[in-house]
Amino acid sequence: MSRPLWVMMVGLLALPLAAAAQSVPVPPKLTSQMEKPDAEGQKPRATVVYAPYRYDDILWENDRTAHRIYGPALQVYEPPSTSGIDAWGKFVRWPFMARQLKTGQQHDFHGEGLDFYNVDTSRGAGGLGVWAANKLWVSRNWKSYAILKDGPDTAAFKVDYAPWPVDVGRKVWETRTFTLPMGTNFTRMVSTISSDTAEPLVVGIGIAKRKGPTGSGVFVKDLAPGRVSYWQPTDPDKGTMGIALMVDPRSVVEVRQDFDNYLVLIRVQPGKPFVYYMGAAWDKGLDFHSQAEWEAYVQAQAPDFDPAH
């Protein structure tokens with residue numbers, strides 16, 4: 001009897017971290033088999049892709065994790081859209097997002113991964129806003145972009161967000177760089193939020209809250225090292241996404257919630273860059289299969305919060 005596709009893929013692709021962990025769970029039901037890339041395309045690499053064919057999405061991934069943010073065309077086509085960050089489940093070491101997005105069936109499992117993390121109008125996995133008057137004030141989708149490095153060792157790009165209001169008496173605007181090297185689940189972001197007034201800002205960096213058949217998930221905060229994480233409720237077929245944020249502990253104000261998000265609040269100065277990290281994991285992927293494994297990985301990180309690096 002031939003072995004199932006997912007078993008063969010795990011045997012071929014699993015790295016030592018996965019081998020040391022418990023058995024890989026059964027992936028979602030295979031909808032159809034997406035055509036694999038050639039031998040060169042199956043080499044692990046980090047990459048960033050601008051996707052005008054999908055309303056200006058920007059996609060970035062490495063050998064372990066995959067993400068996207070939304071652009072101005074989607075804002076017109078599907079208002080209000082969002083400046084939150086999307087996370088995809090990944091089942092291979094090579095890039096797959098751009099090919100799967102072109103099928104128009106990115107929410108189905110074709111053997112390499114899938115998009116089932118619903119951002120909607122939340123901050124998703126690490127989007128931010130300005131906290132003022134007991135409310136999070138957020139930008140629209142990115143206004144301009146530049147790809148800084150398209151692999152193979154690192155994916156890096158920069159986006160600008162147009163000015164947006166904070167309450168009634170202030171405007172802010174942002175430039176942010178995203179950097180994802182190989183071999184990590186964490187994207188490093190350097191943000192500079194400028195303002196038309198000089199007073200300090202309180203920035204809220206968010207993780208979307210979920211409700212599911214297994215409850216509301218597990219949110220963990222450890223503010224001494226500046227870390228928060230969320231193991232969302234499990235989808236019976238598609239599994240669980242784990243999200244984590246790392247911020248400079250010297251900047252932390254507190255953790256709050258709004259209707260859509262868990263928020264870690266940090267204090268920043270207008271015009272002065274600050275660093276934070278966003279990471280994601282899929283329990284049906286190759287590396288992490290439980291909350292305990294994900295939490296251990298998050299706690300083992302040694303982030304660099306110097307924006308000059």
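**Notebook: sheets, loops and charged pairs**

I began with an open sheet of five strands, whose order is β7-β6-β12-β17-β16 and whose pairing is antiparallel. From one strand to the next, the twist averages 40°. For such angles, axes are lines fitted to C-alpha atoms, for helices over the stretch in contact, and the angles run from 0 to 180 degrees between N-to-C directions.

I recorded the basis of these entries: the model is predicted, local features need pLDDT of at least 70, side-chain atom pairs count only at pLDDT 80 or more, and totals for chains, interfaces and linings use all residues. Residues are numbered from 1 along each chain as its sequence is written, and side-chain values use heavy atoms, with hydrogens and water left out.

Two terms apply throughout. Strands (E, at least two residues) and helices (H or I, at least four residues) are DSSP runs, numbered from the N terminus. Two strands pair if DSSP finds at least two bridges between them.

**Entry: pairing within the sheets**

I looked up how β6 (residues 125-132) meets β12 (residues 201-208): four bridges join these strands, which run antiparallel. Val-130 has Val-203 in β12 as its bridge partner.

I then turned to an open sheet of eight strands, with antiparallel pairing and the order β8-β9-β10-β11-β18-β15-β14-β13. At its edges stand β8 (144-150) and β13 (218-222), each with a single partner strand, so one side of each has no neighbour in the sheet. Neighbouring strands of this sheet are turned by 15° against each other on average, direction ignored. I followed β13 to its pairing with β14 (residues 227-231), which is antiparallel and spans five bridges. There, Val-220 stands opposite Ser-229 in β14.

**Entry: Arg-188**

I located Arg-188 in strand β11 (residues 186-195).

I found that the side chain of Arg-188 makes a polar contact with the side chain of Tyr-277 (3.0 Å). The side chain of Arg-188 also reaches the backbone oxygen of His-309 at 3.2 Å. A polar contact is a pair of N or O atoms within 3.5 Å; within protein, one must be able to donate a hydrogen and the other to accept it, and residues adjacent in sequence count only if both atoms are side-chain atoms.

**Entry: loops and backbone geometry**

I placed Tyr-55 in the loop between β1 (47-51) and β2 (57-61). Tyr-55 counts as partly exposed because its relative accessibility is 29%. Leaving aside neighbours within four places in sequence, Tyr-55 is in contact (heavy atoms within 4.5 Å) with Gly-71, Ala-73, Leu-74 and Tyr-77. Tyr-55 has a positive phi of about 60° although it is not a glycine. Asp-56 is found in the loop between β1 and β2 as well. Its phi is also positive, at about 75°, although Asp-56 is not a glycine. Asp-56 is buried, with a relative accessible area of 11%.

I noted a cis peptide bond between Pro-79 and Pro-80, with omega about 5°. Pro-80 is found in the loop between α3 (72-77) and β4 (86-90). Another cis peptide bond joins Gly-151 and Pro-152, with omega about 0°. Pro-152 is in the loop between β8 and β9 (154-166). Most residues other than glycine have a negative phi, and most peptide bonds are trans.

**Entry: salt bridges**

How many salt bridges does a search of the whole structure find? It finds 14. I examined Lys-90 and Glu-61, whose side chains meet in a salt bridge (2.8 Å, N to O). Lys-90 lies in strand β4 and Glu-61 in strand β2, so the pair ties together parts 29 residues apart in sequence. Lys-90 and Glu-61 are both buried. I also listed the salt bridge between the side chains of Arg-250 and Asp-248 (2.8 Å, N to O). Arg-250 counts as exposed at 74% relative accessibility, whereas Asp-248 is buried, with a relative accessible area of 14%. Finally, I noted that Arg-54, Asp-57, Arg-68, Asp-86 and Asp-115 are linked in a network of salt bridges.

Methods
Buried < 20%, exposed > 50% of the residue type's maximum accessible area, 1.4 Å probe, protein only. Salt bridge = Lys/Arg side-chain N within 4 Å of Asp/Glu carboxyl O.
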